[in-house]
Amino acid sequence: MNATPFQEQTSTRYDVLIQGAGIGGLTLAIALQQRGYAVKIVERSAGLSEVGAGIWMAANPMQVFERLGLAAKIMEAGWVVKFLRLQDSKGGDIQTTDMSAIAKKFGFETIALHRTVLQRILFEQVLPGSVSFGCEVQSLASGGDSVSIELSDGSSCQAAVLVGADGINSQIRKQAGLGGEKRYSGSSSYRAIARGANILPTEAAHDAYEIWARGCRVGFSKVNENDYYWYMTFDAPAGESSTAEERRSHAEELFRAHFPQWIGLLEHTRSEEILRTDLSDLKPLPRWSSGRVGLMGDAAHATTPNLGQGGAMAVEDALAIADAFSKAGMNGTAFEQFEHLRRKKVDWTVATSWSIGRMCHLGNPLARRLRNAALRHTPKQITEKQIERLYSLEIDSFKCPLIACNGLHLHEVCGRSKQKQG
């Protein structure tokens, strides 16, 4: 995946400059280029390096990919999840969800795939030379009808608008003076790919699981015929560091204590491929843009992964921004329209995901039993309402119509949570 050196583009003017070649930034570039805009992406990493092992693309981002002509490619590269099981390690099934009804209503089930495979598919859809690696925005200044941008390689350019798609630690957010306070959830995580594993029987090959235990949980599904994506979350202080062998040893301890049935996932995982990430989000920003500089995805509204909606929200953002530019032009008004469209759903997603994270690691046995009972007896119509809220797109009419734990439905218990965030 060769990239055109940005030095060759010095003094060029673009319609849109995007910082960040992750899932959101690449999807935005595709949507804009399909509309005829001149787009450039700068990415500080030396190459495609989307952090993470696997990802679940639910019905909402798949609807966006369908509109961009990419859904078939993503489905072919991934694995269809047809049945979702939420369990307690001591008490069996909490909830089960047949995805066929969701597919019938929204057109898609959840697609599980390697995160790097998804990023590669997106990268291959942007015009050649659109992405420059090893480069980032060094400084910016808005004036008149453009943003003047100095880049880290010493070159400069102008763009009608600048979009920060550079994640929870966004430098564009900082340079634009948009603030941003990270909030640690109290949980860290391991994520990995189990290669060549034989975990589920043939009749359950399209099932996805999440199992809750005291102070931790594990989730997994296949991402292709041979491999499984799995993750494990656990209570821990923020910022702990560990070696590959320490991560493996700790994961094995948790598997043996709480999830012995699924230890084969770890046995088919390379120690050096177990990634550790603290689970954090952003407290809601007062605004997502300043003039001609705007944010999207995790840069604007990073969420904990408890709903499996981080990447999904960025994909939805991409189409919403492209539509806003088409309607309002390449200016700050378009960013304001985009935020107005997306804010309600995104804020709900971030808050609900935070509440789920607080709920799933309960240690008190009585509290866990009460939680499980409440979830088991959630009325079907409430679950359906939450699914509608999560998987519907607001984009069509520029109006706002959104549970699931990485697609595993959780619902009114979380929606009613009165716990303060942060």
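Because the model is predicted, local features need pLDDT of at least 70 and side-chain atom pairs count only at pLDDT 80 or more, while totals for chains, interfaces and linings use all residues. Residues are numbered from 1 along each chain as its sequence is written, and side-chain values use heavy atoms, with hydrogens and water left out.

## Overall make-up

The protein has 14 helices and 18 strands. Both are DSSP runs numbered from the N terminus: helices are H or I runs of at least four residues, and strands are E runs of at least two. The protein has 422 residues, and 57% of them count as buried. Buried stands for under 20% relative accessible area, exposed for over 50%, and partly exposed for the range in between, with a 1.4 Å probe and protein chains only.

## Helix α1 and its partners

Helix α1 covers residues 23-34, and helix α5 covers residues 115-123. Helix α10 covers residues 310-328. Axes are lines fitted to C-alpha atoms, for helices over the stretch in contact, and angles run from 0 to 180 degrees between N-to-C directions.

| Helix pair | Angle | Axis separation |
|---|---|---|
| α1 and α5 | about 25 degrees | 9 Å |
| α1 and α10 | about 30 degrees | 8 Å |
| α2 and α10 | roughly 35 degrees | within 8 Å |

The angle makes α1 roughly parallel to α5, and α1 and α10 are roughly parallel to each other as well. Angles under 35 degrees count as roughly parallel, over 145 as roughly antiparallel, 65 to 115 as roughly perpendicular, and the rest as oblique.

The crossing of α1 with α5 is left-handed, whereas that of α1 with α10 is right-handed. A crossing is left-handed if the near helix is turned anticlockwise from the far one by less than a right angle, and right-handed if clockwise.

Which residues of α1 and α5 make their contact? On the α1 side they are I23, L26, T27 and I30, and on the α5 side R115, L118, Q119, L122 and F123. Contact means heavy atoms within 4.5 Å. Towards α10, helix α1 uses I23, G24, T27, L28, A31 and L32. They meet G311, A314, V315, A318, I321, A322 and F325 of α10.

In α5, the buried residues are R115, L118, Q119, I121, L122 and F123. These pack against several elements, including α1, α2, α3 (71-77) and β3 (54-57).

Helix α2 (residues 59-67) is mostly covered, with seven of its nine residues buried. These are A59, N60, P61, M62, Q63, V64 and F65. After α2 comes G69, which has a positive phi near 80 degrees.

α2 passes α10 in a left-handed crossing. From α2, the residues N60, P61, V64, F65 and R67 meet A312, M313, V315, E316 and L319 in α10.

Q309 sits in the loop between α9 (298-301) and α10. Is Q309 buried or exposed? Its relative accessible area is 1%, so Q309 is buried. Leaving aside residues up to four places away in sequence, Q309 touches A58, N60, T349, L390 and Y391. Q309 and V346 are 37 residues apart along the chain, and their C-alpha atoms are separated by 9.6 Å.

## Two further residues

R191 is part of strand β12 (residues 182-195) and is buried, at 13% relative accessible area. Between R191 and G54 there are 137 residues in sequence and 7.9 Å in space, C-alpha to C-alpha.

E240 belongs to the loop between β15 (227-235) and α7 (244-258). With 41% relative accessibility, E240 counts as partly exposed. E240 and R276 lie 36 residues apart in sequence, with 9.5 Å between their C-alpha atoms.

## Cysteines

How many disulfides does the structure hold? The number is zero, where a disulfide is a pair of cysteine sulfur atoms within 2.5 Å. For C216, the nearest cysteine sulfur is that of C360, 9.5 Å away, and C216 is in no disulfide. C157 is buried at 4% relative accessibility, and C216 is buried at a relative accessible area of 1%.
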